[in-house]
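Let's walk through this model together, one neighbourhood at a time. Have the structure open and follow along.

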Amino acid sequence: VRLLVAEIGRCQAALRSGFVAAWPAAVLDALERGSFSQVWAPWYTLHKLLAGLLDAHEHVFSVDGGAGTATAGTPGWAASKMEALAIGQRLTLYLARRVARLRTTLGERWWQATLEVEFGGIGEALVRMAAASRAAANTSVADEALGLARAFYKERFLGPLSRGTDALAGLHANTHLPLLTAAAQLAAEEARRDASALDGAEEEMDDWEWTDAAGGEGVRSPRGLMAATVHAYCTLQLGYAYAGTGGSSVNEHWPTAPASTGASLETLWVPEGLEDVGEANCAELALRGECERSAAYMLSHCAAS
């Protein structure tokens, strides 16, 4: 892992912009032009890179001495730990400033159109980056990371959910499950910054309001973000889950109609592990007080797989 981190750092240094990926920045150019047929899921792969750097920083280079870790007695462990974070921070700053500039130039409608391309858990990774940067006393990167995480609020999906409307039917589950976990984690991170933000959680959903904390970008308040996750999870479990596996999708897609409409939800299809993990994460975040149920849910999926 230390070698991987060092080599990624060398690639980033050679590019001199903060950008680093397994493909050139021209791939983002194509996405931003709307050439969706030329590229697919560049933000998805950026999530994997950023999440991997954070994993190296938080888990591999730890002082715990667990299996596979670089302990405090290993030469260079501290430098590798901070280098993994620094690479991720430089990449975050590049991406945040690029997206902010383009959203200002081309507008929110354009940006929402780019979110129709699968972008994975980049929002969740950015929230993690904000927390790690804040812990390292780098508040400027933390703020930029949260700002970019807010940008991945997909209005067509999360907006209706936050108002209690079923927006799941027929959608690609692998694309949208990470949005739910990112929304819940963003809500928690925002709430830490404003401890009163989640006060009155018993209020009606109609009372949950927009916030202008990000300069009027249309990002939901912490209560609204959490509402979307909770409503989606409950809707999945009550309306879309299949008997036997407990999964909610077939061939990576949710059914075109929930069971409450009379649609048949019987299948021999076992959801892939990525969907299982996504729904389990959603369950944990939506139902923090019911971790036992979340654990039982995950075990049933692993057994089915």
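Start with serine 249, which sits in the loop between α10 (222-240) and α11 (273-286); helices here are DSSP runs of H or I with at least four residues, numbered from the N terminus. With 0% relative accessibility, serine 249 counts as buried, a word that stands for under 20% relative accessible area with a 1.4 Å probe, protein chains only. Its C-alpha atom is separated by 9.3 Å from that of leucine 171, 78 residues apart along the chain.

A word on the ground rules: this is a predicted model, in which local features need pLDDT of at least 70 and side-chain atom pairs count only at pLDDT 80 or more, while totals for chains, interfaces and linings use all residues. Residues are numbered from 1 along each chain as its sequence is written, and side-chain values use heavy atoms, leaving out hydrogens and water.

Now look at α10 itself. Of its 19 residues, 14 are buried, so the helix is largely enclosed by the rest of the structure.

Next, find helix α6 (residues 122-135) and helix α7 (residues 139-151), which pack at an angle of about 165° with their axes 8 Å apart; the axes are lines fitted to C-alpha atoms over the stretch in contact, and angles run from 0 to 180 degrees between N-to-C directions. That makes α6 roughly antiparallel to α7, the term for angles over 145 degrees. Residues making the contact (heavy atoms within 4.5 Å) include Leu126 and Ala130 of α6 and Ala142 and Leu146 of α7.

Finally, serine 162 lies in helix α8 (residues 155-162) and is buried, with a relative accessible area of 2%. The side chain of serine 162 reaches the backbone oxygen of glycine 159 at 2.7 Å.

Definitions and conventions
Helix = DSSP H or I, 4+ residues; strand = E, 2+ residues; numbered from the N terminus. Buried < 20%, exposed > 50% of the residue type's maximum accessible area, 1.4 Å probe, protein only. Polar contact = N/O pair within 3.5 Å; in protein donor to acceptor, adjacent residues only side chain to side chain. Parallel < 35°, antiparallel > 145°, perpendicular 65-115°, else oblique.
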